[in-house]
Amino acid sequence: MWLTLAIIILIVLVIVVAVPLVQIVVPVFGGRPSREELGRYASLPHYDNGKFRYPLESKVLMSFKEMLPAAWEFIRGNPDRNPREALPYVALGEEDLRLSRQPRVIWFGHSAALLQMDGLTILFDPMFGKAPSPFPIVGGKRYGGKLPMQLEALPRIDYVFISHDHYDHLDYPSIKRLEAKVGHFFVPLGVGAHLQRWGVSRNRVTEMDWWEEREVGSLKLACAPARHFSGRGTTTRDSTLWCSWALRGREGNIFFCGDSGYGPHFQEIGERLGPFDLTLMECGQYDEKWAAIHMLPEQTVQAHLDVRGGLLLPIHWGGFTLAMHSWDDPAIRVTKEAERRGVTITTPMIGESIPLRTEGYPNRRWWEA
């Protein structure tokens with residue numbers, strides 16, 4: 001008996017020591033803000049006791065009683081959580097990805113998107129990896145297992161905007177492969193430590209706080225709030241900030257939501273930074289139990305209206321399965337709600353171009369095929 005107890009205690013101790021050690025040693029887990037940076041965060045109204053906070057409580061509403069059936073639902077699986085066939089996409093080569101005279105957005109699935117306007121090429125949350133996990137051998141794999149293009153086909157990227165440090169938005173292998181092509185990175189507070197650990201020089205990274213604004217050439221950009229959380233390891237939850245981004249240029253005004261539950265911040269963004277020609281709005285990986293951190297599709301449409309959006313592009317779906325709903329449920333529900341509310345919505349295939357400030361936008365319901 002005592003031997004068994006000693007073995008159990010030893011195993012627990014090894015886990016307690018090994019897990020943090022692995023997270024320190026393995027680069028995929030990223031870096032941590034310096035003491036000086038943490039000291040500067042202490043004066044912020046949305047930073048308390050070493051963690052960033054959204055003004056409203058944003059709990060995942062699951063008691064232990066609720067967790068058991070939810071865990072069983074994950075284990076049992078839903079046959080429609082993943083598409084039964086590879087998703088259709090538009091194949092892209094170097095010529096297709098070169099800077100376009102017509103301002104446009106190309107969606108790559110999940111939240112990754114390319115924006116070309118004002119003579120610039122911009123990437124949002126360029127997660128191009130196989131799985132949203134620190135170790136790709138585990139975790140839900142990308143639908144179809146491949147992208148519509150080779151990363152080498154991407155042109156030089158002027159700016160990369162990161163919304164937060166979760167694995168399905170900030171991907172270590174993708175950053176390593178893209179880094180030489182990128183002019184500058186814009187990230188929320190604390191996320192720069194990850195990039196610096198991965199070899200991106202400090203002078204190529206700008207960290208921004210909520211409501212902070214910058215002018216870069218013809219672009220006016222603003223880091224705006226979101227209702228979510230952050231963290232890449234067991235001890236780093238909420239240690240870095242999460243955000244949305246607003247970009248205003250000569251050829252378009254764009255809002256990129258990142259990940260967010262619904263909240264009053266959307267209306268404030270609309271009042272302070274809107275209106276927008278196009279919103280890339282989160283719509284996927286949701287559940288009533290965690291709606292405070294991931295909007296439901298009907299809330300996606302309301303958030304679009306709150307920020308005073310013109311054309312709505314639903315994102316955060318079509319790439320990975322991270323929730324229990326059917327893979328196409330986001331598209332079905334958001335298009336239905338947009339139609340009911342009179343909202344103009346675009347539903348491109350992965351790799352399909354969406355021209356800005358024009359009436360010609362993709363709206364075929366390709367997931368029904």
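**Chat on a predicted model**

Biologist: How many disulfides does the count come to?
Modeller: The count comes to 0 disulfides, a disulfide being a pair of cysteine sulfur atoms within 2.5 Å.

Biologist: Is C223 buried or exposed?
Modeller: C223 is buried, with a relative accessible area of 0%. Buried means under 20% relative accessible area, exposed over 50%, and partly exposed in between, with a 1.4 Å probe and protein chains only. C257 also counts as buried, at 1% relative accessibility.

Biologist: What should I know about the model itself?
Modeller: It is a predicted model: local features need pLDDT of at least 70, side-chain atom pairs count only at pLDDT 80 or more, and totals for chains, interfaces and linings use all residues. Residues are numbered from 1 along each chain as its sequence is written, and side-chain values use heavy atoms, with hydrogens and water left out.

Biologist: How many helices and strands are there?
Modeller: The protein chain has 9 helices and 16 strands. These are DSSP runs numbered from the N terminus: helices are H or I with at least four residues, strands E with at least two. Of the 369 residues, 55% are buried.

Biologist: Switching to rings. How many aromatic pairs?
Modeller: The count comes to 21 aromatic pairs. Rings of Phe, Tyr and Trp (its six-membered ring) pair if their centres lie within 6.5 Å; planes under 30 degrees apart count as stacked, over 60 as edge-to-face and the rest as tilted. In one of them, Y159 and F186, the ring centres are 5.6 Å apart and the planes are at 75°, so the pair is edge-to-face.

Biologist: Where do Y159 and F186 lie?
Modeller: Y159 is in strand β6 and F186 in strand β7 (residues 182-188), so the pair ties together parts 27 residues apart in sequence. Both Y159 and F186 are buried.

Biologist: Which residues form an aromatic cluster?
Modeller: W107, Y143, W317, W327, W366 and W367 form one.

Biologist: Now α8. Which of its residues are buried?
Modeller: In α8 (residues 297-306), the buried residues are P297, T300, V301, A303, H304 and D306.

Biologist: What covers the buried residues of α8?
Modeller: The cover includes α7 (265-273), β13 (276-282), β14 (309-315) and α9 (329-341). Just after α8, R308 takes a positive phi of about 65°.

Biologist: Last one: where does V138 lie?
Modeller: V138 lies in the loop between β5 (120-124) and β6 (157-161). V138 is partly exposed, with a relative accessible area of 45%.

Terms used:
Contact means heavy atoms within 4.5 Å.
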